[in-house]
Amino acid sequence: MSDNGKPKVAFFDFTCCEGCQLTVVDSLQTNLDLLNVIEIVQFREAMSEKGEDYQVAFIEGSCTRPADEARLKQIREQAAVVVALGTCAHLGGVNALKGLHPLDEVREYVYGDKAGWYDTYDARPIDAVIPVDFAIPGCPIDRDEFVACVKALLLGKKPPIPDYPVCVECKLRENVCLFTKGQVCLGPITRAGCKAICPTYGQSCEACRGYISNPNDTSMRELLAQHGLTPEDIMTRYTMFTAYQVRQKLQEQESK
Ligand code: SF4
Ligand code: SF4
Ligand code: SF4
């Protein structure tokens with residue numbers, strides 16, 4: 001806590017596009033009241049100061065190098081509360097797609113004959129390295145949900161992350177279901193909280209927020225198959241943002 005009684009907050013980034021931090025900056029612009037009740041001591045996207053005394057750490061990005069682990073552990077030691085900010089940090093996100101291919105091939109594809117210069121390993125969510133208290137899902141995060149989560153944390157409450165599917169929000173917006181228009185959509189199994197933004201604008205939900213805790217996976221796969229998707233197509237859709245989790249599950253099944 002700072003001298004003025006405000007909790008000290010720091011933002012950190014690992015492997016990511018920094019779109020979630022940009023969303024934070026965007027949301028703070030229209031929620032200036034939040035800046036009256038917290039003190040941001042480190043936030044590379046928005047300021048040059050680098051305070052190392054903080055109680056709450058928001059971490060964006062996945063862990064993709066052995067060298068990231070020491071930094072993550074240092075943050076965990078300092079922070080009373082660690083929040084994974086966005087899907088890269090929460091689930092591994094698109095970074096984890098590289099784990100579906102042999103690592104050497106991926107490195108060579110990206111870095112060519114300089115592949116050996118880069119220290120990298122399979123991308124993973126930060127909770128694969130350190131304990132995480134809360135996660136704010138989304139690629140990127142939803143600005144309103146971020147503000148609601150910060151307010152909850154300040155009140156000592158659990159951030160209000162829904163555990164029902166995107167279809168609920170989609171129906172509340174009175175959208176015509178994309179399945180009736182010949183498209184496919186992962187809304188039935190995906191965690192809500194984004195206000196069903198993609199189907200509202202005619203785009204399929206690609207599950208960027210990850211899955212609800214009890215998805216009806218069998219029905220979802222049957223529905224996608226009825227709409228012409230092959231098992232390979234379904235796997236491609238399922239793994240866009242959750243390749244790490246799908247791979248972990250497959251490895252668990254193989255080891256039984
Ligand atoms: S979750 Fe998406 S928007 Fe956020 S940092 Fe990762 S890639 Fe960027
Ligand atoms: S468009 Fe997608 S999110 Fe909306 S109701 Fe249909 S399946 Fe659910
Ligand atoms: S509709 Fe699906 S893909 Fe789009 S933001 Fe929401 S969870 Fe992400």
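Modeller: H10 gives the most to the lining of the largest pocket, with 5 residues. Helices here are DSSP runs of H or I, at least four residues, numbered from the N terminus. This is a predicted model, in which local features need pLDDT of at least 70 and side-chain atom pairs pLDDT 80 or more, while totals for chains, interfaces and linings use all residues. Residues are numbered from 1 along each chain, chains are lettered from A and ligands numbered from 1 as written, and side-chain values use heavy atoms, without hydrogens and water.

Colleague: What volume does the largest pocket have, and which residues are closest to its centre?

Modeller: Rolling a probe the size of a water molecule over the atoms shows where empty space is left. A pocket is an open set of points on a 1 Å grid where a 1.4 Å probe fits, with protein on both sides within 12 Å along at least five of seven lines; lining residues have an atom within 4 Å of a point. The volume, the space filled by probe spheres set on the points, is about 430 Å³ for the largest pocket. Tyr211, Tyr238, Gln245, Val246 and Lys249 are the closest to its centre among 17 lining residues. H3 (87-91), H8 (217-226), H9 (231-238) and H10 (243-255) each supply at least two.
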